[in-house]
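Let's take a friendly walk through a protein structure together. Have a look at the picture below, and then read on.

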Amino acid sequence: MSEENKKLWMEIPAYVFVALARRGMEKISLDQCFLPGCDNQDKNKLKPLKKEEYDEEDRHVKFIHMKCDECGGKFQFKFETIKKVAKPTKKKIKKPSEDKEEEEALSMGLAYALDEEGNNLGHIGYF
Ligand SMILES: [Zn+2]
């Protein structure tokens, strides 16, 4: 794996979380091909090609272009990170667990899979 590939893998969250109705959250690895009909789950057969990113008013958007060696296809990850909202100014005593929940809510990210042309293949989960 080249240095450039390694750097791009660092931009990809290892896991995203998918909400299951009444059954909590499921953890899904992004080390897999998201093209329809391909079941490649081998990270060594996936190559990040390039990154594109831009800022919108309330979010940061990042695309990682991927090549799958199993099906020979290309797809893209799209990561949207909602920018942090201002922290509440009112101070109150909280349990550590509540603090943690707030931190997570402040750095909310959404992951999508797109095909080579940018057509949406679906929302993958949250990171
Ligand atoms: Zn594939």
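## A tour of the chain

Read along the sequence, the chain runs in the order α-β-β-β-β-β-α-β-β. That gives two helices and seven strands. Please keep in mind that you are looking at a predicted model.

Now for the chain as a whole. It has 127 residues, and 31% of them are buried. Among the contacts with a separation of 6 or more, 44% are between residues 24 or more positions apart. The accessible surface of the chain is about 8800 Å², and carbon and sulfur atoms account for 50% of that area.

Next, find the zinc ion. Which residues coordinate the zinc ion? The answer is Cys 33, Cys 38, Cys 68 and Cys 71, each through its SG atom, at 2.2 to 2.4 Å. The angles among the four donor atoms are 104 to 116°, and the site is tetrahedral. Along the sequence, the spacing of these donor residues is C-x4-C-x29-C-x2-C.

Are Cys 68 and Cys 71 buried or exposed, or something in between? The table shows their values.

| Residue | Relative accessible area | Class |
|---|---|---|
| Cys 68 | 0% | buried |
| Cys 71 | 40% | partly exposed |

Cys 68 counts as buried because its relative accessible area of 0% is under the 20% cut-off.

Definitions and conventions. Residues are numbered from 1 along each chain as its sequence is written. This is a predicted model: local features need pLDDT of at least 70, side-chain atom pairs count only at pLDDT 80 or more; totals for chains, interfaces and linings use all residues. Side-chain values use heavy atoms; hydrogens and water are left out. Donors are N, O and S atoms within 2.8 Å of the metal (3.2 Å for Na, K and Ca); water is not among the atoms, so sites may look incomplete. Four donors count as tetrahedral if all angles lie between 85 and 135 degrees; four count as square planar and six as octahedral if opposite donors are over 155 degrees apart and all others between 65 and 115; anything else is irregular. Buried means under 20% relative accessible area, exposed over 50%, partly exposed in between (1.4 Å probe, protein chains only). Helices (H or I, at least four residues) and strands (E, at least two) are DSSP runs, numbered from the N terminus. Contact means heavy atoms within 4.5 Å. Accessible areas come from the Shrake-Rupley method with a 1.4 Å probe; for residues, only the protein chains shown count as cover.
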